[in-house]
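User: I'm new to this one. Could you show me how to read burial, contacts and salt bridges?

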Amino acid sequence: MIRTGILEVTAIKRTISAMSGDGVVAHNRRTYIAENVDQTRTHLNIEYCYTPIEEAYHQLFDEAQAEYNAKQKRKDRRVENYYEKICNGDQEKPFYEVIFQVGNKDNMAAAGENGELAKTILDKFYHSFLERNPHLHVFSAHLHMDEATPHLHIDFIPFTTGSKRGLSTRVSLKQALADQGITGEGRSLTERDLWVQKEKEALAAIMLEHGIEWEQKGEHKEHLSVLEFKREKRKDELAELEQTIERVQQQQISIKAVEQIEAKPLPLSSKVAVEKADFQNLVTAAQKYVVQEKQEGKLKKLLR
């Protein structure tokens, strides 16, 4: 409900989509025209920025690459082309694309009465995106008005500075978001999950300025407060797991009983013999030790 003076006006509600894109520059720039594009409306699109990704990498990393290479005594450790190194590696993606959309083709159609409103909201959101994300270098950004629903493509290279390993300025989504104050809790709640939710909230705030409330649907539309609740629950689970490991480590095998077992040499042989009962004690102790080691290892792996 929005209050305007004495009158109370019920705001319309719209969903928010934040999808991972493929980052097809030819499609985003319309050098390639897909079947779902209305070319009579392409002139309404906005290209906020575009730099070929190789050039963007030179701008971001050339200085750090030169500094790194200058310290290397072995030629095979030098980095000749950082972009190619990232593309050929499996540690980081060279870039990411996220696509933001308000509503759908039924209630925010590009050619409908709400098309321009969606465009205004996404335009403002894009400029605020740059302010919120100083460690996400946007090298390509396009707002499309020539498809069914207005939507915004943002292609970015996540980077961190002051790194102690590799290049001092290097590609890292995890660390880039950490530098912006966003940390995750493993696979169940990643940095990207939290970041996307915060961006949705920023978009929702702009929508509300224009009389549109955020309509949240389904588990993938969870509010940030729900994710924060999961974060706290996860911390409790980790604390309980650490206590379990400590209890396992405190379980002691009876070393005194093992030490009292006497091995007797066999005549005319290098072998020794123990009493049957003592042998059984040794087997039991060994079994307990193996079980304890496996249990402790499994718990530590789960904790990691």
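This is a predicted model: local features need pLDDT of at least 70, side-chain atom pairs count only at pLDDT 80 or more; totals for chains, interfaces and linings use all residues.

User: Is Phe156 buried or exposed?

Analyst: Buried means under 20% relative accessible area. Phe156 comes in at 2%, so it counts as buried. You'll find Phe156 in strand β8, residues 151–160.

User: Which residues does Phe156 touch, beyond its neighbours within four places in sequence?

Analyst: For contacts, look for heavy atoms within 4.5 Å. The partners of Phe156 include Phe95, Tyr96, Leu173 and Trp195.

User: How many salt bridges does the structure hold?

Analyst: Nine. To spot one, look for a side-chain nitrogen of Lys or Arg within 4 Å of a carboxyl oxygen of Asp or Glu. Take Asp146 and Arg30: their closest N and O atoms are 2.7 Å apart. Asp146 is in the loop between β7 and β8, and Arg30 in the loop between α1 and β5, so the pair ties together parts 116 residues apart in sequence. Both residues are buried, and together with Glu147 they're linked in a salt-bridge network.

User: Where do Lys124 and Glu209 lie?

Analyst: Those two form a salt bridge as well, with closest N and O atoms 2.6 Å apart. Lys124 is in helix α4 and Glu209 in helix α6, 85 residues apart, so distant parts of the chain get linked. Lys124 is partly exposed at 40% relative accessible area, while Glu209, at 52%, counts as exposed.

Key. Residues are numbered from 1 along each chain as its sequence is written. Side-chain values use heavy atoms; hydrogens and water are left out. Helices (H or I, at least four residues) and strands (E, at least two) are DSSP runs, numbered from the N terminus. Buried means under 20% relative accessible area, exposed over 50%, partly exposed in between (1.4 Å probe, protein chains only).
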